[in-house]
Amino acid sequence: MGFEEQMILNHWNLNPSSVNGTHNTTTEYYKRYLYSLISSVFEFDIPWSKNWFRFFLFRCGSIGVIYTNKFGWIAQPYSITQLNLEYQPLEIQVTNQFIDEPVKGIIGLNAEVVNCMDDFFGLDDIVTRTAEMLAQFDKTINVNLMNCSVTKGFEAENKKQADTIKEAYERATTGEPFIVVNKEVMNGSSITNLLGPAGTEYIADKLLTDRRQCLNNFLTTIGIRNANYSKKERLNSQEVSENNDETKAIVTVMLENIQKHFDVINKMDPSLNLAVRLRFDYTMPGEEEDESWEE
């Protein structure tokens, strides 16, 4: 890459740059877990493999549905060959090794693109960011636990004194009620501990609470209700449900987008009878359920 190209790239970089987490096996572990949570929000009635459909829909952002003479209606990754006036897909093309030649489809006639977000992007940015943060919490907790498990250290002037201190400590840890130590060893004072008590180093409990809050933020984003763990006092039912509106925000957009495209496909072929529902109840106890959420 030449100097000019590098300068152009640098000009369009985001500033200030963010701190990136370490992408490792723990991050991948959390990504698999978080994507499972996303899949749990929606329940699909579709004739295609759900793991295939949900992967492209949530991770890649969209999936094409097109009619073929050989396989009928199929759900596949696609390329856009033509846009309409509002820069929405108008014509798409699907290529697959089991299809003799690329298949083109007109949106609303024999094809449709199902997307979850308005910008046609998936949720991988949200998942990756949260997974890296959770992995960082795990690493910090492990480091803190290792720091708290360091053995004690004592000062000694010579080997004989060190052996005496070691013997006294061994007898003390066996539960003896009292221990007599040579006055020369103690020198009229207590034995100096080189390391502080483990309690002063232990912060894993706080890290675990913060990690749970990080996960709660993700649950709120994708539409799963969660309790406010940051409050120390006992929570009442209203406080537990206080983030319901925020929880419904993004999941409402995703549900409306998916349902809109399913309606278009069902009009082209009513026999498919595609449907999407939310698995979780978003109504407060005593409230009437909104029928639109069951559509």
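Predicted model: local features only at pLDDT ≥ 70, side-chain atom pairs only at ≥ 80, totals over all residues.
Colleague: How many aromatic pairs does a search of the whole structure find?

Modeller: The search finds 11 aromatic pairs. One of them joins Phe44 and Phe58, whose ring centres are 6.3 Å apart.

Colleague: Why is the pair of Phe44 and Phe58 called tilted?

Modeller: In general, planes under 30 degrees apart count as stacked, over 60 as edge-to-face and the rest as tilted. The planes of Phe44 and Phe58 stand at 50 degrees, so this pair is tilted.

Colleague: Which parts of the chain does that pair tie together?

Modeller: Phe44 belongs to strand β1 (residues 42–45) and Phe58 to helix α3 (residues 50–60), so the contact ties together parts that are 14 residues apart in sequence.

Colleague: Is Phe44 buried or exposed?

Modeller: Buried means under 20% relative accessible area. Phe44 has 1% relative accessibility and therefore counts as buried. Phe58 is buried as well, with a relative accessible area of 1%.

Colleague: What is the geometry of the pair formed by the rings of Tyr67 and Trp73?

Modeller: Their centres are 5.5 Å apart and their planes are at 65 degrees, so the pair is edge-to-face. Tyr67 is partly exposed, at 37% relative accessible area, whereas Trp73 is buried, at 14%.

Colleague: Which residues form one aromatic cluster?

Modeller: The cluster consists of Phe42, Phe44, Trp48, Phe53, Phe58 and Phe262.

Colleague: Let us turn to charged side chains. How many salt bridges does a search of the whole structure find?

Modeller: There are six salt bridges. A salt bridge requires a side-chain nitrogen of Lys or Arg within 4 Å of a carboxyl oxygen of Asp or Glu. Arg277 and Glu43 form a salt bridge, with their closest N and O atoms 3.5 Å apart.

Colleague: Where do Arg277 and Glu43 lie?

Modeller: Arg277 is in strand β8 (residues 275–278) and Glu43 in strand β1, so their bridge ties together parts that are 234 residues apart in sequence. Arg277 is partly exposed at 27% relative accessibility, and Glu43 is partly exposed at 28%.

Colleague: What separates Lys159 and Asp163 in helix α5?

Modeller: These residues are four apart in helix α5 (residues 159–173), which means that about one helical turn separates them. Lys159 is exposed, with a relative accessible area of 63%, while Asp163 is partly exposed, with 39%.

Colleague: Which residues are linked in a network of salt bridges?

Modeller: The network links Lys31, Arg59 and Asp124. Within it, the side chains of Asp124 and Arg59 meet at 3.5 Å, N to O. This pair links helix α4 (residues 124–148), which holds Asp124, to helix α3, which holds Arg59, the two residues being 65 residues apart.

Terms used. Residues numbered from 1 in each chain as written. Heavy atoms only, no water. Phe/Tyr/Trp six-rings, centres within 6.5 Å; stacked < 30°, edge-to-face > 60°. Buried < 20%, exposed > 50% of the residue type's maximum accessible area, 1.4 Å probe, protein only.
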